[in-house]
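Subject: Structure for you to look at

Hello,

Here is the structure I promised to pass on. Please open it beside this message and read the two together.

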Amino acid sequence: MEANEEDQNPFIDTVIGFTPAFTNFIIEQGIMDAQILARVDDTTITEMFAKQQLRNVTVVMEMKFRALGYWAQIVLASNGPIDLEDFNQDTANRVQLEMSTSTTLRETRIA
């Protein structure tokens, strides 16, 4: 998620599916790379996706974006380098499954 559009389009198009307008809006919010995204909390992401500019983002795109943030947090916590090429479709699917399983287990314990 570099600010350079040439670097971000292949990644955004193939993994998340954001249009250039959606990508530009994310960058305008100051989320210029995965290290910044890793520090953005879930509430802020929810508020961001509620804005008019991102209203047409599909649920799947939002899930993948959240998964990217979650994955980046895990990589940072393990002191590893964040290489966006490592976040491919398989990684996105695995992380989304981990996130949904974690949420389901947490909700089951609370109930």
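Below is what was found in it, from the overall fold down to single residues.

**Overall**

Please keep in mind that this is a predicted model. The secondary structure of the protein chain comes to 6 helices and 0 strands. Along the sequence the pattern reads α-α-α-α-α-α. The chain has 111 residues, and 36% of them count as buried. Take the contacts between residues at least 6 apart in sequence: 61% of these join residues at least 24 apart.

**The core**

The largest nonpolar core holds 28 residues. Six of them touch the most other members: Phe 18, Met 48, Phe 49, Leu 54, Phe 65 and Trp 71. Which elements give two or more residues to this core? They are helix H1 (5-16), H2, helix H3 (34-38), helix H4 (42-49), helix H5 (59-77) and helix H6 (89-110). H5 gives the most, with 7 residues.

Helix H2 spans residues 20-28. Its buried residues include Phe 22, Thr 23, Phe 25, Ile 26 and Ile 27. Just after H2 comes Gly 30, with a positive phi of about 95 degrees.

**Aromatic pairs**

A pair of aromatic rings is described by the distance of the centres and the angle of the planes. The count here comes to 5 aromatic pairs. In one of them, the rings of Phe 18 and Phe 22 have centres 6.1 Å apart. Their planes stand at 80 degrees, and angles over 60 count as edge-to-face, so this pair is edge-to-face. Both Phe 18 and Phe 22 are buried.

Phe 18 also pairs with Phe 65. That pair is tilted, at 5.6 Å centre to centre and 35 degrees between the planes. Where do the two partners sit? Phe 18 lies in the loop between H1 and H2, and Phe 65 lies in helix H5. The pair therefore ties together parts that are 47 residues apart in sequence.

Why do these two count as buried? The cut-off is under 20% relative accessible area. Phe 18 is at 2% relative accessibility, so Phe 18 counts as buried. Phe 65 is at 1%, so Phe 65 counts as buried too. One aromatic cluster is formed by Phe 18, Phe 22, Phe 49 and Phe 65.

H5 gives the most, with 4 residues.

Is Arg 66 buried or exposed? Its relative accessible area is 15%, which is under 20%, so Arg 66 is buried. Arg 66 touches Asp 42, Ile 45, Thr 46 and Met 99, not counting residues up to four places away in sequence.

**Two more residues**

Gln 96 is found in helix H6. Its relative accessible area is 13%, so Gln 96 is buried. What does Gln 96 contact, leaving aside its neighbours within four places in sequence? The partners are Met 63, Lys 64 and Ala 67.

Asn 79 is found in the loop between H5 and H6. Exposed means over 50% relative accessible area. Asn 79 is at 72% relative accessibility, so Asn 79 counts as exposed. Its phi is near 60 degrees, a positive value in a residue other than glycine.

Best wishes

Definitions and conventions:
Residues numbered from 1 in each chain as written. Predicted model: local features only at pLDDT ≥ 70, side-chain atom pairs only at ≥ 80, totals over all residues. Heavy atoms only, no water. Buried < 20%, exposed > 50% of the residue type's maximum accessible area, 1.4 Å probe, protein only. Core = buried A, V, L, I, M, F, W, Y, C linked by side-chain atoms within 4.5 Å. Phe/Tyr/Trp six-rings, centres within 6.5 Å; stacked < 30°, edge-to-face > 60°. Contact = heavy atoms within 4.5 Å.
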